[in-house]
Amino acid sequence: MKVIGRDTQRVDGLSLVRGKPVFADDMQIKDLLHVKILHSPVAHAEIINIDSSEAEALEGVIKVFTHRDFKPHYYTTAGQGYPEPSPRDTLILDTKVRYVGDRVAFVAAESLEIAEQALQKITVDYKELPVLFDAEDAMASDIMLHSSAGASGIHDATHNIAAHVEAELGDVDTAINSSRYVFEGTYSTPFVQMASIEPHISISWLDDHDRLVIRTSTQVPYHVRRIVAEVLDIPISRIRVIKPRIGGGFGGKQEILNEEIVAAVTLRTGRPARIEYTREEELYAARVRHPETLTIKLGFDEKHLLTAIDLNILENCGAYGPHALTVMSVTAQKALSMYKAPNIRVNGDGVYTNLPIGGAYRGYGAPQAFFPLESLMDEAANRLGIDPIDLRLKNVFKLKDDVPIARILGEGREGFPMVLYSNEIAACLNEGRKLSKWDSIRSAVKSGRFRRGLGVAIAGQGSGIPGIDMGSAFIKMNEDGSFNLQVGATDLGTGSDTALAQIAAEVLNVSVDKIIVYSSDTDLTPFDTGAYASSTTYISGGAVKKAAEACKSMILEQGKKLLQVKMAVISGTTVVSPDGKSISYKDICTKSFYTDEQTQIMGAASHLSYDSPPPYNATFAEVEVDTLTGVVRVIKVVSVTDAGQIINPKMAEGQVEGAVPQALGMALSEFMPFDDKGRFLNLDFNSYHIYTATDMPEIVVRFVDSTEPTGPYGAKAVAEIPINAPAPAVTNAIFNAVGVRIRNLPVQPGELLSKLTLQEYQDE
Amino acid sequence: MIIEFELNGRLINTKIDPGKTLLEYLRSEELYSVKHGCDHGECGACSVLINDKAMNACLILMPMVEGKRVETIESFSDHKNLHDLQKLFLAEGAVQCGFCTPGMLAALEALKRENIEVSEENIRDSLNGNLCRCTGYVKPVEAALKSLSQMKNDGESS
């Protein structure tokens, strides 16, 4: 292959290094209205009255929108396929508020300053209601957070259960009872922020035909169009959504966060409107990773083979349920797709509370799955006295294995059969064993104040949502032999435009600079479900490959007509017949435009897959524990991935290098404390600490040789997989260093220290 | 009030609102490489050079730039030529979403102008005020290391 598997300059790279105005907010618009949201200061209340008269009297305030301005229409803010698997429990503005940060009203004004002043002048009478912060309490409580008859898709509103999953294969209870060894543990994973550096920003205006244009930092332009149309009751044909360059999303922008608000302002006033979240709003009023409490039980036989896995999930959804069912389904499915156990069971509830709203975040439930699973596997290996790598190698699903849970548990509905046509997890573990110096570091004597330890964890993910995610592509040829590639796939900073261009270039035998990519504009590019679920390379890439092949067949057919031959082949960028006649791409297209057999050479295709081949990863973390303070420092991370054929090595490495510090943040540095009123306290980047350049450990990234027969040129997904394993690898390394098991993330130095002290006391 | 300062090589003499930040001013002048990420001097996406030092434009009130030399990434290249750091950021794959890239480039250019020993530690220190959620800083640091050591070598050989 000439283009696939090689580095190429990003197709958007030049504009980005030059700081060109390519992001949503990089434009000036005349007559712009600035929109600000009044967020609830209380965690749970009924709005008795809103008086906006004083605010509206302020010069420069155009309108204050309250619940009185909208007909009640329940929807979900989750940017998912239709019908959405998330409960429809949200109103654009409600008479109830359910968390600190919930929408109360919004203001449109001539300037940001005036909009901010107006917020201060809105008087709201709240009747405060009892609050529920704990998921277990919420299930047992008499208080109903979502009692409206208009909401739909809530699993059990009476018990505040937004979503529920359960599945069993075999007979778990009997298997556990007759297992030679049984291990059990309860773990919790925390609230985490996506923390893209570009905040959510949406701008809307009416175009020359009075159609609504929304330019927004989104991962899901088609879902934005559909949901805005539905919520504001206007035809889809009246809306155009443009996705410019996106300053990071990580799932946070798989949400209709503010698009319907600017759209409402523009439709009511006829004027352009802009809303941008401040960093503080990003932190307390956007979306977070769903925290989960997980109890897991593993049964093993005398040969150390798994007999059963039993998993219980309690997911804290926060105030509303976007992604509640699907994130939990992914937790369940991924936890039960790694190891071959004849008996498996999962039971999970996603529960409403008066805390920030869970959303989509890279890994989408899988990091929550692998923390308990990989912690307990490590514990099991330790108690059984065998090497944790060996225990994993013994029990992982292997090539050609059928993974039964995939069939019964899809994303929010039944799934599809899953056979592993590529699986190099063993190679990942073996390569990581060498690169991390496993044998020497693991067995080194641990003593002194600073103690080093090495831990391992493995994980899988998916490549798109089987049977649901659909991408499409359109390619047209130009007379200089270049091609326009138009895709609905949404590059949110990952480089997917470049990867897709590489796939098209490979098919068409041209260099990447001959492919002009335009992505994601609902007027100009064909449909794509969007950039989530690790779907772009695998699903949208599949569509690009088919479209390019269709275009290539048309080039050949045109070439044959122009050469007046029956047989010919494409060699490089020339159509050649057996009798030696030939015509170049350029000549074919030029003649086809202007002189002979006139037509536009083009190709279009859609792609959907019932397979969702898992990429795999083994992560080795080397840590240093300060036994005096309990502070853990990560020294080195070795991350070895099977992502099938790599399309662009540097970009793929970049995905791993970026995912690892996000996972380390979840494990060690990103804290989301709340006060007793449900107010999130770390409202800036000083206190909500994401990894900086000086926090970074050494990162070693490797990809093992692998080819996925169902993927474009053998590719699987790479974006999410590397975020799943680092957190348990770190806590397993802590155990290796000091013998303490951490079951709750993020690691609290105080908790670690008290466990250490207790351990030493017991030793004496 | 009226202030005078140099912006990307041009002398600016303009009436300003003393309460406006340099970030607000630069973006209103359509210098969009200067990004708005946090408003609190924490993310570094608005880093610009002021008298050769990297500063967060969101923390600078306009009167503070009186008599100063302000440079944004727009001045680093023209339509034909790229700055070495820009070239290496491209070649090394150091750009992902690109939102924090201009701020990183400003920080690294400031380091270059300090004329001190180039080391990975210095580079990491100088990038410490630039948050990036995409790259883990791995490739930006590699690109900077290559670019700055190249410049140093070029400087020594000439």
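What you're looking at is a predicted model: local features need pLDDT of at least 70, side-chain atom pairs count only at pLDDT 80 or more, and totals for chains, interfaces and linings use all residues. Residues are numbered from 1 along each chain as its sequence is written, while chains are lettered from A and ligands numbered from 1 in the order in which they are written.

**The sheet in chain A**

Chain A holds an open sheet of seven strands with mixed pairing, in the order β3-β5-β1-β13-β10-β11-β12. At the edges sit β3 (61-65) and β12 (239-242) of chain A, each pairing on one side only. From one strand to the next, the twist averages 20°. Strands here are DSSP runs of E with at least two residues, helices are runs of H or I with at least four residues, and both are numbered from the N terminus. Two strands pair if DSSP finds at least two bridges between them.

Inside that order, β1 (33-39) and β13 (273-276) of chain A run parallel, joined over two bridges. His34(A) stands opposite Arg274(A) in β13(A).

Angles run from 0 to 180 degrees between N-to-C directions, with axes being lines fitted to C-alpha atoms, for helices over the stretch in contact. A contact means C-beta atoms, placed from the backbone, within 7 Å.

| Helix | Strands touched | Angle |
|---|---|---|
| α6(A), residues 221-232 | β11(A), β12(A) | about 150° with β12(A) |
| α7(A), residues 259-269 | β1(A), β3(A), β5(A), β10(A), β11(A), β13(A) | about 25° with β10(A) |

**A strand pair in chain A**

Strand β2 (45-51) of chain A pairs with β6(A) in the antiparallel sense over six bridges. Ala45(A) has Glu128(A) as its bridge partner in β6(A).

**Two domains in chain B**

Chain B splits into domain 1 (2-75) and domain 2 (84-157), with bounds from an automatic or database domain assignment. Their C-alpha centres lie 21 Å apart. Across the boundary, 14 residues of domain 1 of chain B are in contact with 13 residues of domain 2 of chain B. On the domain 1 side, β3 (47-50) and β4 (53-56) of chain B are the elements giving two or more residues, and β3(B) gives the most, with three.

Methods:
Contact = placed C-beta atoms within 7 Å.
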